[in-house]
Amino acid sequence: MQKTILITGASSGMGKAATELFADQGWTVYAGARRVELIPTGDNIHPLHLDVTDHDSNAQFVAQALTQQTRLDVLLNNAGYGEYGPLEEVPLASARRQLETNLLGAADLTQLVLPLMRRQGYGRIINNSSIGGDMYSPLGGWYYVSKHALNVWSDTLDSEIRQFGLRSVVVEPAGTESNWSAIAMQHARTNLTTDSPYRQLTSGFINLFDRFLTTSGATSADLAEVFYRAATDRRPHRRYYNAHADHTVAKFAQAFPGAFAQVINLATKLALHTAKSDVAAEGEALGDSTD
Ligand SMILES: NC(=O)c1ccc[n+]([C@@H]2O[C@H](COP(=O)([O-])OP(=O)(O)OC[C@H]3O[C@@H](n4cnc5c(N)ncnc54)[C@H](OP(=O)(O)O)[C@@H]3O)[C@@H](O)[C@H]2O)c1
């Protein structure tokens, strides 16, 4: 029998790649995002408008799928973004939007699908978190809060729904090619106040992020494969990673919080140093051009 999955954030990156992969594998896919025109189309795909921060939109998304399907196998909570910026300056309204999108949207959709999954006696909630659910760095505070919270929310949910034959699991990607970093770095810039004392740190970290993400090597298609494993493993794991290195970083941060804090302090010094060198180089270049 054809399986059914609901995927959020299907207009870009990992959600888009997952929509294509599950449809290719013969699943019926209900694919939601605000930019519905960017969701892939195809025989098994139903593109639907969805804003996960809006309860009515979530309810309509689930209702549209469930009026057409008699079964629901998987909800993939993938929609998310990074509300980057220094904690002193990120407006709390933006912090709330971050939690509404990355955490409460997933929780709302899950509440909407669980009654059917319980009645069926099968079903799986896959939560796309991040290795940022186990670690942190400067400027990503609210993003890390949202992903740490998503992890503990998923683990608690898992402990409650296993009795019904259901599971809730977490995927933790590291740097992956998508629109995520451009959006996160845009927030890092726009969340700075005029004359912010965090300008140098921000420009240094944006440099480090650019270097780190261009060398990360993971594609959204790679992560779609990880979601597929999480959806189809007979005995699902609590956590899924794309690469061993991602797992190692997450475990290192958890097991050795003091040593991890030292690594982050070093990275922060490096970011500040890089930003200072860039300013000096710009100054020299300006000096050269005016000679
Ligand atoms: N790329 C990375 O390096 C990385 C690493 C770790 C974890 N992640 C996580 O992976 C997930 C997917 O991100 P990505 O890398 O594929 O980024 P992306 O290319 O920016 O895609 C994000 C998706 O989320 C959707 N979205 C955002 N806000 C939404 C809302 N309110 N309602 C519905 N959809 C919404 C966007 O669609 P619309 O704008 O059209 O609504 C888009 O389809 C996110 O949860 C992200 O935090 C990414």
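Two residues count as in contact when their C-beta atoms, placed from the backbone, lie within 7 Å. The model is predicted, so local features need pLDDT of at least 70 and side-chain atom pairs count only at pLDDT 80 or more, while totals for chains, interfaces and linings use all residues. Residues are numbered from 1 along each chain as its sequence is written.

On to the overall build. The protein has nine helices and seven strands, taken as DSSP runs numbered from the N terminus (helices are H or I with at least four residues, strands E with at least two). Along the principal axes the C-alpha trace spans about 75 × 40 × 35 Å. Of the contacts with a separation of 6 or more, 72% are between residues 24 or more positions apart.

The seven strands line up in an open sheet with parallel pairing, in the order 3-2-1-4-5-6-7; strands pair if DSSP finds at least two bridges between them. Strand 3 (45-49) and strand 7 (239-240) sit at the edges, each pairing on one side only. Strand 2 (residues 28-33) runs parallel to strand 3 over five bridges, with Val29 opposite Ile45. Strand 4 (residues 74-77) is joined to strand 1 (residues 4-8) by three bridges, Leu76 being the partner of Ile7. Four bridges join strand 4 to strand 5, where Leu75 partners Ile125. In strand 4, Val74 and Leu76 point one way and Leu75 and Asn77 the other, and all are buried (20 or more other C-beta atoms within 10 Å of the residue's own).

As for the ligand, 31 residues surround it, the closest being Gly9, Gly13, Arg34, Gly80 and Ser178 (near means a C-beta atom, placed from the backbone, within 6 Å). Helix 1 (13-24) and helix 5 (180-190) are the elements that each give two or more residues to this shell. By class, the shell has 10 nonpolar, 18 polar and three charged residues, with Gly counted as polar.

Definitions and conventions: Buried ≥ 20, exposed ≤ 12 C-beta atoms within 10 Å, placed from the backbone.
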